[in-house]
Amino acid sequence: RRLETEVAPMLEITVADNGIGMDGHTLKKITSAEKKTRGLNGIGVSNVIERVRLNFGEPYSVHFESEIGRGTRVILRLPLILSDPEEGGSKHGGTD
């Protein structure tokens, strides 16, 4: 879905399931980088959140909504980058 914001056009991608859902504690655990053990488990979600923040800043984000027994939604908000074939590249949603 394309959103118009005060900053620039934004692309919003929502992925949802109807699974068992998660409680607030579990959501906080998977979205933070508090894991201290070695190995790769548990770093994926926090890595994506941090990369979106570092590459695009505010208001772009990854947001999670979940409720036990109702499923989970992940909402990814990124700048809408339009390709401009005449300039041989791409630009952010017409703000360049």
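Colleague: Where is the place of Thr26 in the chain?

Modeller: Thr26 sits in helix 1, residues 24-31. Helices (H or I, at least four residues) and strands (E, at least two) are DSSP runs, numbered from the N terminus. This is a predicted model: local features need pLDDT of at least 70, side-chain atom pairs count only at pLDDT 80 or more, and totals for chains, interfaces and linings use all residues. Residues are numbered from 1 along each chain as its sequence is written, and side-chain values use heavy atoms, leaving out hydrogens and water.

Colleague: Which pattern does the chain follow along the sequence?

Modeller: The pattern reads β-β-α-α-β-β-β-β. That comes to two helices and six strands.

Colleague: What is the relative accessible area of Thr26?

Modeller: Buried means under 20% relative accessible area, exposed over 50%, partly exposed in between (1.4 Å probe, protein chains only). Thr26 has 30%, so Thr26 is partly exposed. In the chain, buried residues make up 23% of the 96 residues.

Colleague: Which residues form the largest nonpolar core?

Modeller: In soluble globular proteins, nonpolar side chains tend to be buried together. A nonpolar core is a set of buried Ala, Val, Leu, Ile, Met, Phe, Trp, Tyr and Cys residues joined through side-chain atoms within 4.5 Å. Here the largest has nine residues: Ala8, Met10, Met22, Leu27, Val52, Tyr60, Val62, Phe64 and Leu78.

Colleague: Which residues does Phe64 touch?

Modeller: Contact means heavy atoms within 4.5 Å. Leaving aside residues up to four places away in sequence, Phe64 touches Leu27, Thr31, Val45, Ile49, Arg73 and Val74.
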